[in-house]
Amino acid sequence: MAKFLSGIELRHLRYFVAAAEHGSFRKAGAAVGVGESAISRRIRDLEDDLGAALFHRHSGGVSLTFAGKQFLRRARQIIRNLGEGAQDVAALGRSEGGSVRIGIFSSIASGFLTELLRDYGQRHERVGVELIDGNPDEHVAAIRQFSLDVAFLTGMREWQDCDRVHLWTERVFTVLPDDHPLAAREELAWHDLADEPFIVSEAAPGQEIHDHLVRELAGLGRHPEIRVQAVGRDNLLPLVSIGRCLTLVSEAMTVARFPGIAYRPIIGERLPFSAVWSPRNDNPALRRLLSMAKAQAKKERTATRPALETAQRAAPS
């Protein structure tokens, strides 16, 4: 129970205001759901704490003293301020206000993250959302320092002092000139790409794409030619259309259309994406975002399971 000066409680103020408004302890008790004697005792306690009589008592009920009239205004203000404060806290708990800073490592052109951010924005219009590009190490360092609330990263790595949950996967696509011989195929394998030159962005996720190419093609006994370009992700794709170099993107990026390029999936290649955050971050806007992300992931897994089971049954034994 909230307490004020010495033994004054919030209920004392509510009983006092009810008695002042109804002019009767009996009617005040009926209004707040307690007995007349409880109203009388609590107001007597209030008067003792304040050191002043608040009511004139008479056979027809009660009326405010001069001190009571002065205190009524203060009591109403205190109750109103507490109510507004409680509403503000509840609004924060419901993520109706505040802000959330999100580190991204994938395109938001389409896919899981796009749908999540759209739904979150529709449900919580008063929450400010800030998106920050960067590589995983930068994002996780910012999360630990509470300058970033959550990051959506590739992979299943566990990060020290952080919580992680796997949410979705995306296919990996090769981006190539639309007149390239490989563009005639519906999908590609790594051995098709073994002798092709690649370009990657200097910015994230360029380094991760570089490492992925080296790892996959080294397994075929190849050392790939990879050129690093000082351009962003969006400007990298037009470079593919004017040269003979290829690059890789995740499935979410393939909705972006540029003249002269084609997207072809790599057989069996899927990237897992996870949310990473600090368990010590008590931002209500973050907690609501995580709750929505987990619910969306569960819904998508449930929706895709029947289709997967049907495909497995249809596959030749």
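Strands are DSSP runs of E at least two residues long, while helices are runs of H or I with at least four residues, and both are numbered from the N terminus. The model described here is predicted, so local features need pLDDT of at least 70 and side-chain atom pairs count only at pLDDT 80 or more, whereas totals for chains, interfaces and linings use all residues. Residues are numbered from 1 along each chain as its sequence is written, and side-chain values use heavy atoms, with hydrogens and water left out.

The overall picture comes first. The protein chain contains nine helices and 10 strands. It has 317 residues, of which 41% count as buried; buried means under 20% relative accessible area, exposed means over 50%, and partly exposed lies in between, using a 1.4 Å probe and protein chains only. Contact means heavy atoms within 4.5 Å. Among contacts between residues at least 6 apart in sequence, 71% join residues at least 24 apart.

With a relative accessibility of 5%, W277 counts as buried. Its partners, not counting residues up to four places away in sequence, include I143, D149, V150, C162 and D163.

Another cysteine, C245, is buried with a relative accessible area of 8%. The structure holds zero disulfides, a disulfide being a pair of cysteine sulfur atoms within 2.5 Å.

T254 sits in the loop between β9 (247-250) and β10. Its relative accessible area is 11%, and T254 is therefore buried. Leaving aside neighbours within four places in sequence, T254 is in contact with F173, V249 and Y263.

Most residues other than glycine have a negative phi, and most peptide bonds are trans. F146 is not a glycine, yet has a positive phi of about 65°. This residue, F146, is found in the loop between α6 (136-144) and β5 (150-154), and is partly exposed with a relative accessible area of 38%. D161, also not a glycine, has a positive phi of about 65°. The loop between β5 and β6 (163-177) is where D161 lies, and D161 is exposed, with a relative accessible area of 55%.

Axes are lines fitted to C-alpha atoms, for helices over the stretch in contact, and angles run from 0 to 180 degrees between N-to-C directions. Angles under 35 degrees count as roughly parallel, over 145 as roughly antiparallel, 65 to 115 as roughly perpendicular and the rest as oblique. Helix α1 (residues 10-22) packs with helix α2 (residues 25-32) at an angle of about 125°, their axes being 8 Å apart. That angle makes α1 oblique to α2. The crossing of these two helices is right-handed; a crossing is right-handed if the near helix is turned clockwise from the far one by less than a right angle, and left-handed if anticlockwise. On the α1 side, Y15, A18, A19 and H22 meet F25, K27, A28, A31 and V32 of α2. By class, this contact of α1 with α2 has seven nonpolar, one polar and one charged residues. Here Ala, Val, Leu, Ile, Met, Phe, Trp, Tyr, Cys and Pro count as nonpolar, Asp, Glu, Lys and Arg as charged, and the others, Gly among them, as polar.

Helix α3 (residues 36-50) packs with α1 at an angle of about 110°, with axes 9 Å apart. This makes α1 roughly perpendicular to α3, and their crossing is left-handed. From α1, the contact uses R11, H12, Y15, F16 and A19, and from α3 it uses A38, I39, R42, I43, D45 and L46. Seven nonpolar, one polar and three charged residues make up this contact of α1 with α3.

Finally, α2 and α3 pack at an angle of about 105°, with their axes 8 Å apart, which makes α2 roughly perpendicular to α3. F25, R26, A28, G29 and V32 of α2 meet E36, I39, S40 and I43 of α3. These residues divide into five nonpolar, two polar and two charged.
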